[in-house]
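Let's work through a few exercises together. Keep the sequence and the 3D view side by side as you go.

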Amino acid sequence: MPNPKGNPQNFEPIKSDRDKPLDGKLAFRVTKEVEEQVKAQDDPPEFCREAIQKALDEKKGK
């Protein structure tokens, strides 16, 4: 039977080696095909972060 108070390791914050913390959240809708392609990546969240950052950098450069 699982512990009703939870696992103490679950309460520890996730450690990161990033310069800035990932404290923001985004959610948006995509087609099923795009969702499948993104989920097929090795690290989908990092893939999305890099793609968005690349698009923002390109837009900033123009």
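**Exercise 1.** Decide whether R49 is buried, partly exposed or exposed, and find which residue R49 meets in a salt bridge.

*Solution.* Start with the cut-offs: buried means under 20% relative accessible area, exposed over 50%, and partly exposed in between (1.4 Å probe, protein chains only). R49 has a relative accessible area of 33%, so R49 is partly exposed.

Before going on, note that this is a predicted model, where local features need pLDDT of at least 70, side-chain atom pairs count only at pLDDT 80 or more, and totals for chains, interfaces and linings use all residues. Residues are numbered from 1 along each chain as its sequence is written, and side-chain values use heavy atoms, with hydrogens and water left out.

Next, look for the partner. A salt bridge is a side-chain nitrogen of Lys or Arg within 4 Å of a carboxyl oxygen of Asp or Glu. R49 makes one with E46, at 3.1 Å from N to O. The two sit three residues apart in helix α2, so about one helical turn separates them. E46 comes out at 19% relative accessibility, so E46 counts as buried. Finally, widen the view: R18 joins E46 and R49 in a network of salt bridges.

**Exercise 2.** Find out which element gives the most residues to the lining of the largest pocket.

*Solution.* A pocket is an open set of points on a 1 Å grid over the protein atoms alone, with protein on both sides within 12 Å along at least five of seven lines; lining residues have an atom within 4 Å of a point. The largest one holds about 870 Å³ of space. It has 23 lining residues, and the closest to its centre are L26, P45, C48, R49 and I52. Two elements give two or more residues to this lining, α1 (32-39) and α2 (44-61). The answer is α2, with nine residues.

Terms used: On a 1 Å grid over the protein atoms alone, a cavity is a set of points where a 1.4 Å probe fits but cannot get out, and a pocket is an open set with protein on both sides within 12 Å along at least five of seven lines; lining residues have an atom within 4 Å of a point. Grid points are joined across faces, edges and corners, and a volume is the space filled by probe spheres set on the points. Helices (H or I, at least four residues) and strands (E, at least two) are DSSP runs, numbered from the N terminus.
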